[in-house]
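These notebook entries record what I looked up in one structure. I began with the ligand and then turned to the fold.

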Amino acid sequence: MTYIDQLREALGPDKVLDADFDRFSYSSDFSPMGPGEEVVPDVVVLPSGTEDVVKVVKVAREHGIPITPVGGMTGMLGGGLAIRGGILLATHTMGDVLEVDVANQTVRVQAGATLQSINDRLEAHGLWLPHLPESKWSATVGSSIASDNDSTFGMRHGKILQPLLSVHVVDGNGNSVEFGHRKSRFTSSGYKVKDLFVGAEGTLGIVTEATLKVEPLPPYRRVEMIVMPSLTRAVDLIGHCLRSGISLEAAHINCRHRLGFYTHAYKVKHGHEPEIPDWAGALFSFAIAGDKEVVDFQTDWVLRQGEEAFEGQVVAERDIVDSWWTSKHTLDFEAFQQKWPASQGEKKFGAADVGVPMGELERFYEEGFMVLLEKHGLQVLGMGAYLEQPNSIGLSLSCAVFVDYHDQAQVDAVRASVVDTSRKALEMGGTSTTYMSDTYVKIDTMREEAGDALEYYRRIKEILDPYHIMNTGKKWEDDPRPAGRDEE
Ligand SMILES: Cc1cc2nc3c(=O)[nH]c(=O)nc-3n(C[C@H](O)[C@H](O)[C@H](O)COP(=O)(O)OP(=O)(O)OC[C@H]3O[C@@H](n4cnc5c(N)ncnc54)[C@H](O)[C@@H]3O)c2cc1C
């Protein structure tokens, strides 16, 4: 009996797909891929919950078959591609919200629930899970944990670790286990093993369920933008806000190139470019939410300080401000009218995600982003810095380019630039990834960043995935066998 027959027997035939068309449907995500670069898994499984996942892992373990778990497959660096073949475990069939505990403000979900679907359920109770990337319609809670993605509301609510109370995981041995405390908001007991699964990309186990804390929905929100003379002045203004007790809910800094991303929508609507001052070096966009009186006071204060003390200019055109908030959050845009013309036709979006210390932002932009794009001959889309730490200046950079997917040389250049950009961030005391994780593209920079800690990573992997079947090829590409197993 083949392992695929065994999967059919264990799960039932409807949950196991091995027809060419089905397998091809799961062969690409949103990462730059050239012609014919699709990665077709050998078989796709559609589990209903933890028990099914245990069955799949046990079969895979017996035969040494790699398993790649996926959510919405909107990852932008290939984390969800089955690059070593084997089983692709799709989680969209485990998308239930299992419990909304209104009194304790928690939610229990299956890992394949999308962030939007969770919020749709919470809204009726006046609650929300404020972990919301732009891709919230397809991004799942399992992949948010696995890739440690960014959220539009990171400035106030942080990343997924902030609300994550517990994870239920099936590890590479086929064991099913809950890590974390389900409803108390924090704990000092034991080891915080649940945190290991954040950013692990499924290489330590498959997340099947999670409990998260949720918050009361804010009654009112204001969204504004200020054109700033430089990236550094935008960072300075945010620092001033924090010192002064302003509670920013969302904060983004965009470089001057990325301004065009938002002014394009204005041009489409009005037939002409908006007036942007020649001296514009950056765009600071922010949201403040809560009670109207408090929000209005704080927002007006930020706008006044931005102009009077930090040489900025408030963006008066609501269409530009709305275009930022639409793309980040509300997303009710008219097809083909927003952002860049034909952006999903001739050319697509490619990006490197890195983090740099706050004092290095301007230097990274000039000496990292711009210089590296020139070296690789890539077309600039722009650099955005998303603030992802609650009440702190924690920068997650999206270094974006246009890429023609029909041109293999360009796709290769994007991958090379991602590695170079990560290395540059490391040189500046930063980190090689902030929202996509390492995938198979950044294995070398992951190792450089880990240094001596790599040996401990290996030992952890040995405990949780001793057969190296969990998302094989990611993070550990050139070390498919754990240390010491050759002697066995
Ligand atoms: C238009 C667009 C906008 C985007 N906006 C943002 C943004 O604002 N912020 C941001 O950070 N990212 C953004 N992204 C990137 C991407 O959407 C996010 O990183 C998101 O988290 C990926 O979710 P997914 O469900 O599609 O994950 P997938 O691509 O399916 O998987 C991502 C990783 O998670 C692993 N994984 C998935 N499920 C599990 C599980 N249950 N257990 C263990 N591992 C698992 C996969 O193996 C893979 O390594 C955007 C992408 C697009 C296309």
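How many residues surround the ligand, and which are the closest? I found 33 residues around the ligand, and the closest are Pro-69, Thr-74, Ser-135, Ser-143 and Asp-150. For this I counted a residue as near a molecule or strand if one of its heavy atoms lies within 4 Å of it.

I note the basis of the entries. The model is predicted, with local features needing pLDDT of at least 70 and side-chain atom pairs counting only at pLDDT 80 or more, while totals for chains, interfaces and linings use all residues. Residues are numbered from 1 along each chain as its sequence is written, and side-chain values use heavy atoms, with hydrogens and water left out.

**Entry: ligand contacts**

I looked up the polar contacts (pairs of N or O atoms within 3.5 Å; within protein, one must be able to donate a hydrogen and the other to accept it, and residues adjacent in sequence count only if both atoms are side-chain atoms). The side chain of Asn-149 places an N or O atom 2.7 Å from an oxygen atom of the ligand. For Gly-75 I recorded a backbone N or O atom at 2.9 Å from a ligand oxygen atom. The side chain of Asn-471 has an N or O atom 3.1 Å from an oxygen atom of the ligand. On its own the ligand has 980 Å² of accessible area, of which the protein covers 90%; such areas come from the Shrake-Rupley method with a 1.4 Å probe, and for residues only the protein chains shown count as cover.

**Entry: the shell**

Strand E3 (67-70), helix H5 (141-147) and strand E10 (205-213) each supply at least two shell residues. H5 gives the most, with 4 residues. Helices (H or I, at least four residues) and strands (E, at least two) are DSSP runs numbered from the N terminus.

**Entry: domains and overall form**

The domain assignment, whose bounds come from an automatic or database source, gives domain 1 (3-90), domain 2 (97-216), domain 3 (220-330) and domain 4 (348-445). Domain 1 and domain 2 each contribute at least three residues to the ligand shell. I computed 42 Å between the C-alpha centres of domain 1 and domain 3. The C-alpha trace spans about 75 × 55 × 45 Å along its principal axes.

**Entry: sheets**

Which strands form the mixed open sheet, and in what order? I read 4 strands in the order E1-E2-E4-E3, taking two strands as paired if DSSP finds at least two bridges between them. E2 (residues 43-45) and E4 (residues 87-90) run parallel over 3 bridges, and Val-43 has Ile-87 of E4 as its bridge partner.

I then examined E8 (residues 164-171) and E9 (residues 176-180), which pair antiparallel over 5 bridges. Ser-166 stands opposite Gly-180 in E9. This hairpin has 4 residues between its strands, and Gly-174 takes a positive phi near 90 degrees.

A further open sheet has 7 antiparallel strands in the order E15-E12-E14-E13-E17-E18-E16. E15 (313-314) and E16 (348-354) are its edges with a single partner strand each, so one side of each is left without a neighbour in the sheet. E16 is joined to E18 (residues 395-403) by 7 bridges in the antiparallel sense, and Ala-352 has Cys-399 of E18 as its bridge partner.
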